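Student: Could we go through some of the labels used for this model and check where they come from?

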Amino acid sequence: VSSGSYKGPESDAVADMLIGLLLGSSSASSSSSPKGGKKEVEPVLLQSSAPALSLHRDVRRACVSALILMRNKGAIPPLRLLELFFRLMAVVPDKALREILYRHVVNDVRNINKKGKRDEKVNRSVQSFLHRVVSSSSSAAASPQGDEGEETASAIASRRAVDMVCELYRRGVWTDEKTVAILASAAGSSDSSVMAKAL
């Protein structure tokens, strides 16, 4: 990704290309919200993990690194990468890449909440997304039938969401009622692994 791709009319095309490599072209299109639109970020359904898994690990990591660089330069909105990175965290076998994804999301939220820079609108959106991710584990665990792989991915994503909320709470980044509500939801989850993370 060249420096000229950080901002401007070409940045969306570059981001679409990178996300398309990781999720597939149709998923990349559906995951991007129109500017000013009312489309909310959906819970992690992980319906399109195959393209990322078929890539060589170095290619996956290069795509993620480029997207993080673009996000750090302000070329990509935070929620767009949040959904993508949760999908990847739940399915990719590369432990080092999962840690990169996790660390980026935590640090991004911390940067959004730096003194004098706090963005409550973004905070509410991110918290709502994480709340839905945590709630999705209960729905998956309660379902009598379904794809075992999807259920496992949902549980993994939910545990990572709880890890993030706990870390942000401990660091004093998020200490409001919404944060407590996410942890309360996790503590009451029918998925025992998610519940244990919140306790």
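Predicted model: local features only at pLDDT ≥ 70, side-chain atom pairs only at ≥ 80, totals over all residues.

Student: What makes α4 roughly antiparallel to α5?

Tutor: The axes of α4 (residues 57-72) and α5 (residues 78-91) cross at roughly 155 degrees and come within 11 Å. Angles over 145 count as roughly antiparallel, so α4 gets that label relative to α5. The crossing is also left-handed.

Student: Which residues make that contact?

Tutor: On the α4 side they are Val64, Leu67, Ile68 and Arg71, and α5 brings Pro78, Leu81, Leu84, Phe85 and Leu88. By class, that's 8 nonpolar, no polar and 1 charged.

Student: Which residues touch the most other members of the largest nonpolar core?

Tutor: Leu84, Phe85, Phe86, Leu88 and Leu130, out of 53 residues in that core. Helices supplying at least two residues each include α1 (9-23), α4, α5 and α7 (120-142). Setting aside neighbours within four places in sequence, Leu88 is in contact with Leu22, Ala52, Val64 and Leu101.

Student: Why is isoleucine 156 called partly exposed?

Tutor: Its relative accessible area is 23%. Buried means under 20% and exposed means over 50%, so with 23% isoleucine 156 falls in between and is partly exposed.

Student: Where is isoleucine 156, and what does isoleucine 156 touch?

Tutor: Isoleucine 156 sits in helix α8. Not counting residues up to four places away in sequence, isoleucine 156 touches Met89 and Ala90.

Notes: Residues numbered from 1 in each chain as written. Heavy atoms only, no water. Axes fitted to C-alpha atoms, helices over the stretch in contact; angles between N-to-C directions. Helix = DSSP H or I, 4+ residues; strand = E, 2+ residues; numbered from the N terminus. Parallel < 35°, antiparallel > 145°, perpendicular 65-115°, else oblique. Left-handed = near helix turned anticlockwise from the far one by under 90°. Contact = heavy atoms within 4.5 Å. Nonpolar A, V, L, I, M, F, W, Y, C, P; charged D, E, K, R; others polar. Core = buried A, V, L, I, M, F, W, Y, C linked by side-chain atoms within 4.5 Å. Buried < 20%, exposed > 50% of the residue type's maximum accessible area, 1.4 Å probe, protein only.
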